[in-house]
Amino acid sequence: MLGENHSVANEFPQHTDTLTSLIKSDAEFAQQVEKYNALDTQIRELELENAPIDDEAMHQLKHDRAVLKDIIYKRLTSK
């Protein structure tokens, strides 16, 4: 569905404590979460504005978000 919020907190509500802990203790992880959330916001805004970019550019943004989501998920579940 267009315009859905896919922030890290919304995607992994069962890992809230781990997410908070890792953000505080791991600067690289915190940057990855920040970048993921920024991409998600950008994608959501573009979708709500009827994507005023070409399909390839939108696909790349979504791909980048998916790659970061996988990295974040692996860190959240590695403990």
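1. Let me begin with the contacts in this predicted model. Among contacts with a separation of 6 or more, 69% join residues 24 or more positions apart.

2. As for the secondary structure, the protein has four helices and zero strands. Read from the N terminus, the order of elements is α-α-α-α. The C-alpha trace spans about 40 × 20 × 15 Å along its principal axes.

3. A word on burial and surface. The protein has 79 residues, and 29% of them count as buried.

4. The buried residues here are F29, Q32, V33, Y36, L39, D40, I43, R44, L46 and E47. Viewed down the axis of α3, these buried residues fall within an arc of 165°, so they line one face of the helix.

5. What do the buried residues of α3 pack against? Their partners are α1 (8-11), α2 (16-25) and α4 (55-76). On the other side of α3, you will find A27, Q31, E34, K35 and L48 exposed.

6. Please have a look at Q32, which lies in helix α3. Is Q32 buried or exposed? Its relative accessibility is 16%, and buried means under 20%, so Q32 counts as buried. Setting aside residues up to four places away in sequence, Q32 touches L68, I71 and I72.

7. My last stop is L76, in helix α4. L76 counts as buried because its relative accessibility is 4%. Which residues is L76 in contact with, leaving aside its neighbours within four places in sequence? They are F12, H15, T18, L19, L22 and F29. One of these, F29, is also among the buried residues of α3. As for F12, it is 64 residues from L76 in sequence, yet the two C-alpha atoms are 8.8 Å apart in space.

Notes: Residues numbered from 1 in each chain as written. Predicted model: local features only at pLDDT ≥ 70, side-chain atom pairs only at ≥ 80, totals over all residues. Heavy atoms only, no water. Helix = DSSP H or I, 4+ residues; strand = E, 2+ residues; numbered from the N terminus. Buried < 20%, exposed > 50% of the residue type's maximum accessible area, 1.4 Å probe, protein only. Contact = heavy atoms within 4.5 Å. Arc of directions from axis to C-beta.
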